[in-house]
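Good morning, and thank you for making time for this presentation. Please have the sequence and the model in view as I speak.

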Amino acid sequence: MINDNEVIDTLEELASFLRAVENGGLGLENAAGVALATNNSDGRPFVAVLDDKHQLLLGRWVTQDVFDNGKDMVQNGVKNSH
């Protein structure tokens, strides 16, 4: 499910989203991973929360800048700023 009204347009927003997924703050059950992807029909980039069978649980549209520059954050997790 992707909500068309919510777009992640900064790396800080992406980090917050990833932390919420990692901490269980979005109430998703069976979340197993996160990936950046593009929509097959129009090429629009999004971040996807996937279950253990690689099925989409939740998605948020992202800007092209976040897609291009947030790959490391999605792949390796969010670094704490302590």
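I begin with phenylalanine 46, which is placed in strand 3; helices (H or I, at least four residues) and strands (E, at least two) are DSSP runs, numbered from the N terminus. This is a predicted model, in which local features need pLDDT of at least 70 and side-chain atom pairs count only at pLDDT 80 or more, while totals for chains, interfaces and linings use all residues. Residues are numbered from 1 along each chain as its sequence is written, and side-chain values use heavy atoms, with hydrogens and water left out.

Is phenylalanine 46 buried or exposed? Its relative accessible area is 11%, so phenylalanine 46 is buried; buried means under 20% relative accessible area, exposed over 50%, and partly exposed in between, with a 1.4 Å probe and protein chains only. Not counting residues up to four places away in sequence, phenylalanine 46 touches Ile2, Ala35, Leu36, Ala37, Thr38, Asn39, Leu56, Arg60, Trp61 and Val62, where contact means heavy atoms within 4.5 Å. The C-alpha atoms of phenylalanine 46 and glycine 59 are separated by 6.5 Å, although the two residues are 13 residues apart along the chain.

From that list of contacts I turn to the tryptophan. How many aromatic pairs does a search of the whole structure find? The search finds one. Its members are phenylalanine 46 and tryptophan 61, arranged edge-to-face, with 5.9 Å centre to centre and 80° between the planes. Phenylalanine 46 belongs to strand 3 (residues 45-51) and tryptophan 61 to strand 4 (residues 56-62), so the pair ties together parts that are 15 residues apart in sequence. As for the criteria, rings of Phe, Tyr and Trp (its six-membered ring) pair if their centres lie within 6.5 Å; planes under 30 degrees apart count as stacked, over 60 as edge-to-face and the rest as tilted. Both phenylalanine 46 and tryptophan 61 are buried.

Arginine 44 lies over the face of tryptophan 61, at 4.1 Å from the ring centre; a charge sits over a ring if NZ of Lys or CZ of Arg is within 6 Å of the ring centre and within 35 degrees of the ring normal. The backbone nitrogen of arginine 44 is in turn reached by the side chain of aspartate 42, at 3.0 Å. Aspartate 42 is found in the loop between strand 2 (31-38) and strand 3. Between aspartate 42 and glutamine 55, 13 residues apart in sequence, the C-alpha to C-alpha distance is 20 Å.

Next, the nonpolar core. In soluble globular proteins, nonpolar side chains tend to be buried together. Here the largest nonpolar core has 16 residues, of which Ile8, Leu14, Phe17, Leu18, Val47 and Val62 touch the most other members. Such a core is a set of buried Ala, Val, Leu, Ile, Met, Phe, Trp, Tyr and Cys residues joined through side-chain atoms within 4.5 Å. Two or more residues each come from helix 1 (11-22), strand 3, strand 4, helix 2 (64-69) and helix 3 (71-76), and helix 1 gives the largest share, five residues. Beyond its neighbours within four places in sequence, valine 62 is in contact with Val7, Ile8, Leu36, Pro45, Phe46, Val47 and Phe67.

I now come to charge pairing. A search of the whole structure finds one salt bridge, defined as a side-chain nitrogen of Lys or Arg within 4 Å of a carboxyl oxygen of Asp or Glu. Arginine 60 forms this salt bridge with glutamate 6, and the closest N and O atoms are 2.9 Å apart. Since arginine 60 lies in strand 4 and glutamate 6 in strand 1 (residues 2-8), the pair ties together parts that are 54 residues apart in sequence. Arginine 60 counts as buried at 13% relative accessibility, whereas glutamate 6 is partly exposed, with a relative accessible area of 36%.

Finally, the backbone. Most residues other than glycine have a negative phi, and most peptide bonds are trans. Asparagine 30, in the loop between helix 1 and strand 2, has a positive phi of about 70° and is partly exposed at 46% relative accessibility. Histidine 54, in the loop between strand 3 and strand 4, has a positive phi of about 65° and counts as exposed at 63% relative accessibility.

Thank you; I welcome your questions.

Notes. Polar contact = N/O pair within 3.5 Å; in protein donor to acceptor, adjacent residues only side chain to side chain.
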